[in-house]
Amino acid sequence: MKRLSIAAILTLAVAVLFAAPASAWEPTKPIKIYVGFSPGGGTDIVARTLVAASQEFFPVPLVVVNKPGAGGTIAADFVSKQEGDGYSLLVAGGSESTSVPNHREVSYSLDNFRGVLRNIRARIILVSKAGSDIKTIDDLVKKAKAESGKLAYASSGAGTLYHSTMLLFTKAAGIDMKHVPYKGGSPAMAALLGGHVDITLAAPEEAQAQVEAGQVNLLGLTSTERTDLFPDVPTLKELGYDVYLENQKGIVGPASMPDDVYQYLHDKFKMGMDTKVWQKMAGKLKLETSYLNGPDFKDAMGTMSKTIGDAVKGL
Amino acid sequence: MDLFISAASEVFAPANLLILLASTVIGIVIGAIPGLTVTMAVALAVPLTIWMETTPAMLMLLGLYGSGIYGGSISACLLNAPGTPASAATALDGYELGKQGKALKALKVALWASVYGGLFSIVLLVLIAPQLAQVALKFGPAEITCLLIFALTVVSVLSGDSIMKGLFAAALGMLLATIGADPMLMIPRFTFGVDELFDGLAYIPLLIGLFAIAEMFAQSEQSFRFGATILSIKDGERDENRIYAEDVKKCAIPVIRSGFFGAFIGMLPGLGAAVASFVGYAETKRASKEPEKFGKGAIEGVAASESANNAVTGSAMIPMLALAIPGDPPTAILLSALMIQGVTVGPLIFANNPDVVYMIYVALFMALVATAGVAAMFMKPISHVLRVPKVFLYPIILSMCVAGSYAIRFNVFDVFVMLGAGVLGYVMRIFGVPVAPLLIAFILTRPFEESLRQALIRSEGSLMVFLEHPIALFFLILAVAAVAFTVWREHKTGHRIGEQG
């Protein structure tokens, strides 16, 4: 009996000895993933898809917390001021990260965040109504030059990526258009279909249903290369307009996040992106999976932010 | 017809019915709790649907979606704490009925009006969704602006005894609505550097404060003075809680008219069930021969409000299904859920996926039936909540209200907004200033400013745009007529302007 317990103690001691160095960082309480927009929005869907796909790799619950307000900047500000302990994360990469801070003062900057990984990128497509005499970017530029300042575009709000995209484009093309802000992408699309504006912008998944029904013309997209979803739609770059902006979604945490926490979160979420759950949901939702690691994601956001910043400053 | 039968047979599979029943019960409960909204419930449920078949997935989501608004009327009638923004107008008369010991009657009327409103909108959805969607698209900034001007005239009806006090409340509501970033350029107004105010005051905490918290302040003041009055549903009051033929007669026209208003407002983007219920309520009062009874326990007020807000559920699906353009947050989530199921919504859905369309029709209808069944069964036991002494009941409601206000944006700021609104509501009561005009002006001001400025950007500042668009002109004429009618009625019933209420 005595010998047995000594053996047990010894085994335990050895186990502890070997286990200790292996236990890098492991979460011990629920991880909160903050979303700066209401439930049901594009950012929210990405967060919930990622949680559904990645949960099995985490020993603790992943909780999506919607903290909507001020175009996503309230949540971004909140997370930037949390401790970098890995328990407060943010879904970033969209307007709140790259566009809004260039249009108005916010109490955070990209420097306050450390990228974890990028999950998707969303192209931005210029759209006109079917039956309108604007069928290509060329038509648009010609018409805008002929009727200077008469054509109007709908954006998803002042300071958003869609607004910035049009600022960049009109500058590159040397045209003048009216800006009519709407509350989000759906009302903007409704305004286009109702004939209340001439142009709007859309994400591929928003545009697809309208394209299939023959309701809209896709004029061009703002990426460096074409998309598989609409291989016939040219990029603005090809047409000679230097406009490169994309919407992205990924995970970031406060800048003070240490390396081991970053590595853990990055690896687990990456595993989530390789699951069938992620592939099925992203596929069905027409989300373009596009992985980048933390530093690259942050660089990508930095590039976009600088592009927009330069364009806004020149106004 | 074959499609309809096959959709129905799928819905009626026992497992599917069970899912529908469960989600309906959850929907009612979530709807009844102030601050927890149908939108949250549906958003939380979407990830559960990834591996489900289309039918059970849609049944689950539509069960939550279709039952929540009725749920809101329960807490509105019993506790003066509207469970959803859409049931604020229900509380105006529903809670008065509750205080008179007719809570059960109010709940019954609310239920049948809800069922009618829901049913009417489903019928529209089934019969003329594509055509209605085209009408909805015609409503651009100019049309919406004039529609909202007309909607603002209901302030005069909601004012109660004194037009001056009503206009004061409405002005206060408009003023509160100007807090936050301006809708065009996102320039902050009256935010004093507080980020939480950037989007303006949130509607739900304001509503909870003005109704539930103010009621608690008033009640506690009374209890301290006169001792507690315990509301109860005694056996002798059973007769009072029956619905009689004359009640049906009183409610029939308001319910039908409000169903029409609700369905119409529901298919336009950005207005929603709260506007619908106030407009339905106010138009019923305007048409009533006894407008003085409103706000003092008129059942047709409850009926009108509930018919209107439930008519929104079906008609909000119209632009989502027919155009792939969701008009409000819950339908936006339903759209993603359909995409996950591999269904592309939009004009082609009626040709490509008629099976799914019919399944949605049947599911919406069955959600309504399930809501009616569940509510009819549990209405009586739930109304016994009024027997709980207020010393115990109020702390529970208060903690629910605090939690609900917090849950809207996960922000403590909104809890303070709720408490501040409670104090405001209490002070308004003392001076006899009605709360309803404040709320409706608050809801309408932001979309009004937005569409007004959108219209003026396009017209380059010319106001003629509102006269050139026929639909816009129509609503302007209606608005002028409504104001003229109010003035005429005031004149006829003696000069009440400026008089004490």
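The core and the sheet

Guide: The largest nonpolar core holds 187 residues, and those with the most contacts inside it are Leu265(A), Phe269(A) and Phe278(B). A nonpolar core here is a set of buried Ala, Val, Leu, Ile, Met, Phe, Trp, Tyr and Cys residues joined through side-chain atoms within 4.5 Å; buried means under 20% relative accessible area, exposed over 50%, and partly exposed in between (1.4 Å probe, protein chains only). This is a predicted model, in which local features need pLDDT of at least 70 and side-chain atom pairs count only at pLDDT 80 or more, while totals for chains, interfaces and linings use all residues. Residues are numbered from 1 along each chain as its sequence is written, chains are lettered from A and ligands numbered from 1 in the order in which they are written, and side-chain values use heavy atoms, with hydrogens and water left out.

Helices (H or I, at least four residues) and strands (E, at least two) are DSSP runs, numbered from the N terminus. In chain A, domain 1 (31-121 + 248-304) and domain 2 (125-221) each give this core at least three residues; the domain bounds come from an automatic or database domain assignment. The C-alpha centres of these two domains of chain A lie 28 Å apart, and 9 residues of domain 1 are in contact (heavy atoms within 4.5 Å) with 8 residues of domain 2.

A second, separate core has 39 residues, among them Ile28(B), Cys77(B), Leu104(B) and Leu393(B).

In chain A, an open sheet of 5 strands runs in the order β7-β6-β8-β5-β9, with mixed pairing; two strands pair if DSSP finds at least two bridges between them. Its edge strands, each pairing on one side only, are β7 (178-181) and β9 (216-221). On average, neighbouring strands are turned by 30° against each other, direction ignored. Strand β5 (residues 125-129) of chain A is joined by 5 bridges to β9(A), and the two run antiparallel. Along this pair, Ile125(A) has Leu221(A) as its bridge partner, and Val127(A) stands opposite Leu218(A). Strand β9(A) is largely enclosed by the rest of the structure, because 6 of its 6 residues are buried.

Axes are lines fitted to C-alpha atoms, for helices over the stretch in contact, and angles run from 0 to 180 degrees between N-to-C directions.

In helix α7 (residues 161-173) of chain A sits Thr170(A), which counts as buried at 11% relative accessibility. The side chain of Thr170(A) reaches the backbone oxygen of Met166(A) at 2.7 Å. Leaving aside neighbours within four places in sequence, Thr170(A) is in contact with Ile175(A) and Met177(A).

How values were computed:
A polar contact is a pair of N or O atoms within 3.5 Å; within protein, one must be able to donate a hydrogen and the other to accept it, and residues adjacent in sequence count only if both atoms are side-chain atoms.
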